[in-house]
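Notebook open, model loaded. I want to look up charged pairs first, then the nonpolar parts.

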Amino acid sequence: MAARLTLRDVNLHFGGVTVLEDVGFDVEPGTILGLVGPNGAGKTSLFNCISGHYRPSSGSVRIDDVEVLGLPPAKLVRHGLARTFQHPALRLDTTVIDNVLLGAHTRLPGGPLSWALHLPFTTKSERALQREAHELLERAGLEWAANERADELSHGLHKSIELCRALLSHPKLLLLDEPAAGLSHGEVDHLIATVRRLRDDDDITIVIVEHNMSLIAQVTDRVVVLDHGRKLMEGTAAEAQADPRVIEAYLGKEAADDAA
């Protein structure tokens, strides 16, 4: 069986600056991989390369052994990829349910003219997607907020809304960019349970960028550590936390020597 996500020799340059250098790893179907490293390591840049927001200078990005390098985000959705952002990209001037439904734009039949005319086959699909969006909000404990404006809700709820929107596209590969940032302890516990459920019950493969190493240790099968745009090591979260190279990258050489 092909890996769900395969990266090979991914390089990214902005002018004369090397942001990513020869990054490569596999993510097997039904697993959770943590992408960790100190600030400036290149984690979000790599996410942007995978999700079509940046085009790598060279390398290969494959989903289920299909080359997707250079495809824009809208086309990557059709290959089963969805993504959340460190700062949720919601439409704050509209309702929660409308924000979630934005995740279904690739699942509507026909085209813009069909939707504008409310042809019968599009109306039926829209109703089905409405039901599914409400079900996702209910699973997230947010059905009560379906008709609330997004700008009236907290940052933590914005993260949950964005995740519901991503799930409405029926992803098989989900990229989570710092999903615990700004969350309370209770919200982090709920996030941990949600990520586990998405893997175990919904069979979604997940790559997660996160600074919360407790969360990474609890949910990931493996981690890849980046430092200055290069892959430093790959292994379990426990192996990463004990690796002198990782300790040095986070805390400096003196701390690494003390741990050795």
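I started with R91, which forms a salt bridge with D93, the closest N and O atoms being 3.7 Å apart. R91 is partly exposed, with a relative accessible area of 46%. The cut-offs I used are under 20% relative accessible area for buried, over 50% for exposed and partly exposed in between, with a 1.4 Å probe and protein chains only.

A note on what I'm looking at: this is a predicted model, where local features need pLDDT of at least 70, side-chain atom pairs count only at pLDDT 80 or more, and totals for chains, interfaces and linings use all residues. Residues are numbered from 1 along each chain as its sequence is written, and side-chain values use heavy atoms, with hydrogens and water left out.

How many salt bridges are there by this rule? I get 17.

Next I checked R230 and E21, whose side chains meet in a salt bridge at 3.9 Å, N to O. This pair links distant parts of the chain, 209 residues apart: R230 sits in strand β10 (residues 230-235) and E21 in strand β2 (residues 17-27). Helices (H or I, at least four residues) and strands (E, at least two) are DSSP runs, numbered from the N terminus. R230 is partly exposed at 46% relative accessible area, and E21 is partly exposed too, at 30%.

Then came E162 and R165, another salt bridge, with the closest N and O atoms 3.6 Å apart. Both belong to helix α6 (residues 155-167), and because they are three residues apart there, about one helical turn separates them. Are E162 and R165 buried or exposed? Both are buried. I also found R4, D64 and K172 joined into one network by salt bridges that share partners.

On to the nonpolar side. A nonpolar core is a set of buried Ala, Val, Leu, Ile, Met, Phe, Trp, Tyr and Cys residues joined through side-chain atoms within 4.5 Å. The largest one has 44 residues, and L137 is among those with the most contacts inside it. A second, separate core of 27 residues includes V10, L12, V19 and A41.

Last, I looked up S45 in helix α1 (residues 43-50). S45 counts as buried because its relative accessibility is 15%. Neighbours within four places in sequence aside, S45 is in contact (heavy atoms within 4.5 Å) with L12, V19, L20 and Y54.

Note on methods
Salt bridge = Lys/Arg side-chain N within 4 Å of Asp/Glu carboxyl O.
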